[in-house]
Amino acid sequence: MSDPILKTESLTFSYHTDEDKTAKTVLDGVDLEIQPGSFVAVLGHNGSGKSTLAKHFNAILLPEGGKVYVDGMDTTNEDKLLEIRRIVGMVFQNPDNQIVANVVEEDCAFGPENLGVPSPEIRERVDQALKAVGMYQYREHAPHLLSGGQKQRIAIAGVLAMKPRCVVLDEPTAMLDPNGRREVMETIKTLNREQGVTVVLITHHMDEAAQADRLIVMSDGKIVQDGPPREVFQQVETLRATGLDVPETVSLLYELRKEGLDLPLDALSDEACADAICQLFSAEKKTV
Ligand SMILES: Nc1ncnc2c1ncn2[C@@H]1O[C@H](COP(=O)(O)OP(=O)(O)OP(=O)(O)O)[C@@H](O)[C@H]1O
Ligand SMILES: [Mg+2]
């Protein structure tokens with residue numbers, strides 16, 4: 001296996017406020033390695049520490065205990081801060097908070113300009129990034145007139161123009177309608193598959209988590225499940241105990257299994273689930 005692009009070792013963190021001297025532990029001994037090129041989803045109930053973990057991946061927050069490494073660089077090393085931020089790009093929930101310019105292409109140029117990239121290369125990067133998210137034809141448009149999904153794709157393009165090797169997205173579809181969600185998910189998957197960008201996707205949507213290669217479940221600042229989505233989602237009771245549900249497909253199969261039907265629990269997509277049920281009934285017909 002290659003060296004991890006993101007790594008945490010016994011990471012602990014708590015927020016200290018002036019009023020609250022006895023801050024509660026938000027990250028409680030997180031050990032994690034993420035391989036370059038992988039697509040990892042992070043699920044967990046509200047307040048389980050997902051966003052706090054994400055912010056450690058590009059040194060927005062620094063560990064209270066333990067270590068975080070980005071491509072082998074300790075995030076507490078100030079000399080490496082720029083390099084770390086170049087490697088890991090962050091996308092947040094609200095596209096309106098991430099868009100800074102009045103023209104799409106100017107917005108995308110903002111990041112590379114800050115990194116001191118020469119102008120002709122910025123032009124090239126912006127064009128490439130806008131093409132990668134399918135928004136090139138909107139390059140001269142005003143971002144605020146676009147749909148939520150389009151705005152979020154512009155925000156992703158702005159991050160891509162900095163040529164990150166890893167993109168961490170914290171609930172990027174939370175404010176989008178179903179079309180916008182689909183557009184953004186397709187964009188994320190294409191980046192991962194076709195450009196080899198490492199993706200860490202924090203989400204509350206089971207169907208989005210199901211599309212990752214690896215699924216991490218957090219509860220009270222700890223990692224409580226880690227594996228391929230089809231394996232993690234089979235732990236129906238464990239997940240429900242941590243305040244999470246499973247995709248509707250798994251929930252249906254789970255209920256049918258409880259009734260004694262011989263169905264797999266790992267048919268995650270709608271098609272696979274429908275196929276499994278059809279197969280069972282056609283097999284039963286034959287035996288009658
Ligand atoms: N800036 C802050 N100051 C103080 N406490 C904070 C701050 N940000 C988060 N917290 C607290 O830390 C805990 C973990 O928060 P975090 O945002 O990491 O959770 P999350 O899993 O991302 O939740 P959500 O699903 O709601 O986004 C929560 O109890 C939250 O109230
Ligand atoms: Mg959060």
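Trainee: Is Asp220 buried, partly exposed or exposed?

Mentor: Asp220 counts as partly exposed, because it has 17 C-beta neighbours inside 10 Å, and a residue needs 20 or more to be called buried. Keep in mind that this is a predicted model.

Trainee: Where does Asp220 sit?

Mentor: In the loop between β9 (214-219) and β10 (222-227).

Trainee: And what is the phi of Asp220 like?

Mentor: It is near 45°, a positive value in a residue other than glycine. Most residues other than glycine have a negative phi.

Trainee: Which strand residue also has a positive phi without being a glycine?

Mentor: Ser10, with a phi of about 40°. Ser10 belongs to strand β1. Ser10 is partly exposed, because 13 other C-beta atoms lie within 10 Å of its own, and a residue counts as exposed at 12 or fewer.

Trainee: Let's stay with β1, then. Which strands pair with β1?

Mentor: Strand β1 (residues 6-14) pairs with strand β2 (residues 25-34) in the antiparallel sense, over seven bridges. β1 also pairs with strand β4 (residues 65-70), again antiparallel, over five bridges.

Trainee: Which residues face each other there?

Mentor: On the β2 side, Leu6 stands opposite Ile34. In β4, Lys7 has Tyr69 as its bridge partner, and Glu9 is bridged to Lys67.

Trainee: What is the strand order in the sheet?

Mentor: The order is β2-β1-β4-β5, four strands in an open antiparallel sheet. β2 and β5 (73-74) are the edge strands: each has a single partner strand, so one side of each has no neighbour in the sheet.

Trainee: New topic, the ligand. Which residues are around ligand 1?

Mentor: Here is the shell: Tyr15, Thr17, Val26, Gly44, Asn46, Gly47, Ser48, Gly49, Lys50, Ser51 and Thr52. Sorted by type, two are nonpolar, eight polar and one charged.

Trainee: Which element gives the most to that shell?

Mentor: Helix α1 (residues 50-56), with three residues.

Trainee: Staying with helices, which residues of α3 are buried?

Mentor: In helix α3 (residues 104-114), the buried ones are Val104, Glu105, Asp107, Cys108, Ala109, Gly111 and Pro112.

Trainee: What do those pack against?

Mentor: The buried residues of α3 pack against α4 (119-132) and α5 (148-160).

Trainee: What comes just after α3?

Mentor: Gly116, which takes a positive phi of about 80°.

Trainee: OK, zooming out. How many helices and strands are in the chain?

Mentor: The protein chain has 11 helices and 10 strands. Its radius of gyration is 21 Å, close to the 19 Å that the globule rule gives for 288 residues, so the chain is as compact as a globular protein of that length.

Trainee: And what does the C-alpha trace span along its principal axes?

Mentor: About 75 × 50 × 40 Å.

Trainee: What share of the residues counts as buried?

Mentor: Of the 288 residues, 41%. As for contacts between residues at least 6 apart in sequence, 62% join residues at least 24 apart.

Trainee: Last one. How is the chain divided into domains?

Mentor: Domain 1 covers 6-16 + 24-230, and domain 2 covers 247-288. Taken over C-alpha atoms, the centres of domain 1 and domain 2 are 35 Å apart.

Trainee: Great, thanks. I'll go back to the viewer with these.

Technical notes:
Residues numbered from 1 in each chain as written. Chains lettered and ligands numbered in written order. Predicted model: local features only at pLDDT ≥ 70, side-chain atom pairs only at ≥ 80, totals over all residues. Pairing = 2+ DSSP bridges. Helix = DSSP H or I, 4+ residues; strand = E, 2+ residues; numbered from the N terminus. Near = placed C-beta within 6 Å. Nonpolar A, V, L, I, M, F, W, Y, C, P; charged D, E, K, R; others polar. Rg over C-alpha atoms; globule rule 2.2 N^0.38 Å. Contact = placed C-beta atoms within 7 Å. Domains from an automatic or database assignment.
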